[in-house]
Amino acid sequence: MDLTPYVDHLRRELAVAADASGDEARALAERLSAPLESAARLTLLNVLSAAMSDVTRELAPGSVDVRLRGLDPEFVVTPPPVPEPVREEREPAAAPVVAAPPAAEADDGTMVRINLRLPAHLKGRAEGAAAAEGLSVNAWLVRAVSVALDGGGRASAPGRSKDSGGRGFTGWVR
């Protein structure tokens, strides 16, 4: 960011004020303009640094720094880190089939609305999982909540898999 236009503006304002007071004031303004330029640049840098400190506080854990290159400040933006997606080493198993709830807990037809706010990366993953199973996101979430609360649809409890000779694990992982 070039501060020269701002410093030049201050010089012009000083010259206009000095012109109104005569030749002595004009000569004094010319002698003072060089030291005032340094003070003006330092003041502008302090203002920019304070502003970027406020921006950094709002952007945390990212940041914005002001660096001086020659006489001009530069802004260096460090965005917040993006969490790396979890990579699976093998293809995911087919989604479990959820058994119908017991008759006593059967759906009585009453629907309720709930607002759910998900981080963008989870929303995308939920939409992908629902699409892969041919379900709406709502239906997929209803099933996921049901499985999480009732344990329905699991072929076996988490633990060692019997079909892999005791070498593998099945179940949910967080």
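Helices (H or I, at least four residues) and strands (E, at least two) are DSSP runs, numbered from the N terminus. Keep that in mind as you select. This is a predicted model, in which local features need pLDDT of at least 70, side-chain atom pairs count only at pLDDT 80 or more, and totals for chains, interfaces and linings use all residues. Residues are numbered from 1 along each chain as its sequence is written, and side-chain values use heavy atoms, with hydrogens and water left out.

**The whole chain**

Show the chain as a cartoon. It holds four helices and four strands. Along the sequence they run α-α-β-β-α-α-β-β.

The accessible area comes to about 14,200 Å² (Shrake-Rupley method, 1.4 Å probe; for residues, only the protein chains shown count as cover). Carbon and sulfur atoms hold 59% of that surface. How much of the chain is buried? Of its 174 residues, 12% count as buried. Buried means under 20% relative accessible area, exposed over 50%, and partly exposed in between, with a 1.4 Å probe and protein chains only.

Contacts are heavy atoms within 4.5 Å. Among the contacts with a separation of 6 or more, 34% join residues 24 or more positions apart.

**Stop 1: helix α2**

Select residues 23-59. This is helix α2, with 37 residues. From first C-alpha to last, α2 reaches 51 Å, close to the 54 Å expected at 1.5 Å a residue. The expected span is 1.5 Å times one less than the number of residues.

Where does α2 bend? Go to Ser33: the bend there is about 45°. That angle lies between axes fitted to the seven residues ending at a position and the seven starting there. A proline, Pro35, follows within four residues.

Next, pick out the buried residues of α2: Ala29, Ser33, Ala40, Arg41, Leu45, Leu48 and Met52. Their cover includes α1 (4-19), β1 (63-69) and β2.

Then click Ala27, also in α2. Ala27 counts as partly exposed because its relative accessible area is 32%.

**Stop 2: the charged network**

Side chains of opposite charge can pair when their charged atoms come close. A salt bridge is a side-chain nitrogen of Lys or Arg within 4 Å of a carboxyl oxygen of Asp or Glu. The structure holds nine salt bridges.

Start with Glu37 and Arg41, whose side chains meet at 3.4 Å, N to O. Both lie in α2, four residues apart, about one turn of the helix. Glu37 is partly exposed, at 21% relative accessible area. Arg41 is buried, at 9%.

Stay on Arg41 and turn to Asp72. Their salt bridge is 3.9 Å, N to O. Asp72 lies in strand β2 and Arg41 in helix α2, so this pair ties together parts that are 31 residues apart in sequence. Asp72 counts as partly exposed, at 26% relative accessibility.

**Stop 3**

Select Ser63, in strand β1. Is Ser63 buried or exposed? It counts as buried because its relative accessibility is 17%. Show its neighbours. Leaving out residues up to four places away in sequence, Ser63 touches Thr56, Val76, Val77 and Thr78.

Move to Phe75, in strand β2 (residues 72-78). Phe75 is partly exposed, at 36% relative accessibility. With Phe75 they form a nonpolar patch on the surface, with about 290 Å² of accessible area together. Patches are made of residues with over 30% relative accessible area and no salt bridge; like charges are joined within 9 Å, nonpolar side chains (Val, Leu, Ile, Met, Phe, Trp, Tyr) within 5 Å.

**Stop 4: helix α3**

Finish at residues 120-132, helix α3. Select Lys123 and Glu127. They form a salt bridge, with the closest N and O atoms 2.7 Å apart. The two are separated by about one helical turn because they stand four residues apart in α3. Lys123 is partly exposed, at 44% relative accessibility. Glu127 is partly exposed too, at 34%.
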